[in-house]
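Please consult the sequence and the structure shown below alongside the text.

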Amino acid sequence: MRTRGWKWVVWGLVLACYVVPYGPLGGVRAWYGSFLFWALVGVAVIVCNVMMTRDFRDGPEA
């Protein structure tokens with residue numbers, strides 16, 4: 001997937017960080033329900049950022 005595709009995945013994850021805790025996890029009274037979700041999404045965003053930047057190269061040596 002190209003960088004543009006990964007960018008939309010990250011935006012989808014950010015949107016999910018707002019929707020999921022207040023939607024499906026809204027009835028979970030314990031704090032760790034949303035925390036676990038946010039922690040897993042945080043790892044997923046890090047993986048997406050690695051995938052987006054893996055093809056970056058340094059410019060020509062001056």
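## Basis of the model

The model is predicted; local features need pLDDT of at least 70, side-chain atom pairs count only at pLDDT 80 or more, and totals for chains, interfaces and linings use all residues. Residues are numbered from 1 along each chain as its sequence is written, and side-chain values use heavy atoms, with hydrogens and water left out.

## Overall form

The protein chain contains two helices and zero strands. Its radius of gyration is 16 Å, well over the 11 Å that the globule rule gives for 62 residues, so the chain is more spread out than a compact globule. The radius is taken over C-alpha atoms, and the rule is 2.2 Å times the number of residues to the power 0.38. Helices (H or I, at least four residues) and strands (E, at least two) are DSSP runs, numbered from the N terminus.

Along the principal axes, the C-alpha atoms of the protein chain fill a box of roughly 60 × 20 × 15 Å. The accessible surface comes to about 5,300 Å², and 68% of this surface belongs to carbon and sulfur atoms. Accessible areas come from the Shrake-Rupley method with a 1.4 Å probe; for residues, only the protein chains shown count as cover.

## Burial and the nonpolar core

Of the 62 residues of the chain, 19% count as buried. Buried means under 20% relative accessible area, exposed over 50%, and partly exposed in between (1.4 Å probe, protein chains only).

The largest nonpolar core has nine residues, namely Trp6, Val10, Leu13, Cys17, Val20, Phe37, Val41, Cys48 and Met52. The elements giving two or more residues to this core are H1 and H2, and H1 gives the most, with five. Such a core is a set of buried Ala, Val, Leu, Ile, Met, Phe, Trp, Tyr and Cys residues joined through side-chain atoms within 4.5 Å.

Met52, a member of the core, touches Thr3, Trp6, Lys7 and Val10, not counting residues up to four places away in sequence. Contact means heavy atoms within 4.5 Å. Gly5 and Met52 are 47 residues apart in sequence, and their C-alpha atoms are 8.8 Å apart in space. Gly5 is in helix H1 and is partly exposed, with a relative accessible area of 23%.

Ser34 belongs to helix H2. This serine is buried, at 16% relative accessible area, and touches Pro21 and Leu25, not counting residues up to four places away in sequence.

## The segment after H2

Arg54 and Asp55 follow helix H2 (32-53). Arg54 is partly exposed, with a relative accessible area of 43%, whereas Asp55 counts as exposed at 56%. The C-alpha atom of Arg54 is separated by 9.6 Å from that of Thr3, 51 residues away along the chain. For Asp55 and Thr3, 52 residues apart, the C-alpha separation is 9.2 Å.

## A nonpolar surface patch

Trp8, Trp11, Val14, Leu15, Tyr18 and Val19 make a nonpolar surface patch of about 710 Å². Patches are made of residues with over 30% relative accessible area and no salt bridge: like charges are joined within 9 Å, and nonpolar side chains (Val, Leu, Ile, Met, Phe, Trp, Tyr) within 5 Å. A salt bridge is a side-chain nitrogen of Lys or Arg within 4 Å of a carboxyl oxygen of Asp or Glu.

Val14 lies in helix H1 (residues 3-22) and is partly exposed, with a relative accessible area of 33%.
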